[in-house]
Amino acid sequence: MINEDTIDTLIRTAKNARNNAYAPYSKRAVGACVLTSDGTLYGGSCIENSSLSLSMCAERVAIFKAVADGKNTFDAIAVVADTEEPFVPCGACLQVMAEFGINDVIMANLDGDIRPTTLKELIPYAKIKESEE
Ligand code: ZN
């Protein structure tokens, strides 16, 4: 598991990304931040659409930004929303995290509740890359 300073940095960056959320339908802004293995941070916010199935979660926005920028190995991801309990990523995002081997998942809310966990705990039987099976 990553250290507390890194967790704080990830959550702070996720909160900043959350400020750019486009969530006119759900009104629930979500922010995420992924940490690449070379130490680069990528923030992402949820982006909704009037055709709701076209919406994209903050976690996947952050991961896809990094991948599009040439990064594909990661150490951790944090996700933050204004929820009573720390925000839990959806199944689709967990599967994308599995694809890129993101093991440490930091779930948080705006009240300062932080729940560090692992991808294995959230989705123990995730499909992984053929080369790792
Ligand atoms: Zn999701």
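Guide: Let us begin with E85, which has a relative accessibility of 46% and therefore counts as partly exposed. Please keep in mind that the model is predicted. E85 forms a salt bridge with R115, and their closest N and O atoms are 3.0 Å apart. E85 belongs to the loop between β3 and α3, while R115 belongs to strand β5 (residues 114–118), so the pair ties together parts that are 30 residues apart in sequence. R115 is also partly exposed, because its relative accessible area is 36%.

The count of salt bridges in this model comes to 2. The other joins the side chains of D38 and K71, with a distance of 2.6 Å from N to O. Here too, distant parts of the chain are linked: D38 sits in the loop between β1 and β2, K71 in the loop between α2 and β3, and they are 33 residues apart. D38 has 52% relative accessibility, so this residue counts as exposed. In general, side chains of opposite charge can pair when their charged atoms come close.

Other contacts also join separate parts of the chain. The zinc ion has the protein donors C57 (SG), C90 (SG) and C93 (SG), at 2.2 to 2.3 Å. Along the chain, the donors follow the spacing C-x32-C-x2-C. C57 is in the loop between β2 and α2 and C93 is in helix α3, so this pair ties together parts that are 36 residues apart in sequence. C57 is partly exposed, with a relative accessible area of 22%, whereas C93 is buried, with 1%.

A search of the whole structure also finds 1 aromatic pair. The ring centres of F74 and F100 are 6.0 Å apart and the planes stand at 80°, so the pair is edge-to-face. F74 lies in strand β3 (residues 74–81) and F100 in the loop between α3 (91–99) and β4 (104–109), so parts that are 26 residues apart in sequence are tied together. F74 is buried, with a relative accessible area of 6%.

The largest nonpolar core has 25 residues, of which V30, V34, I63, I77, M97 and I102 touch the most other members. Two or more residues come from each of β1 (30–36), α2, β3, α3 and β4. Helix α3 gives the most to this core, with 5 residues.

Note on methods. Residues numbered from 1 in each chain as written. Predicted model: local features only at pLDDT ≥ 70, side-chain atom pairs only at ≥ 80, totals over all residues. Heavy atoms only, no water. Phe/Tyr/Trp six-rings, centres within 6.5 Å; stacked < 30°, edge-to-face > 60°. Helix = DSSP H or I, 4+ residues; strand = E, 2+ residues; numbered from the N terminus. Buried < 20%, exposed > 50% of the residue type's maximum accessible area, 1.4 Å probe, protein only. Donors = N, O, S within 2.8 Å, 3.2 Å for Na, K, Ca; no water. Core = buried A, V, L, I, M, F, W, Y, C linked by side-chain atoms within 4.5 Å. Salt bridge = Lys/Arg side-chain N within 4 Å of Asp/Glu carboxyl O.
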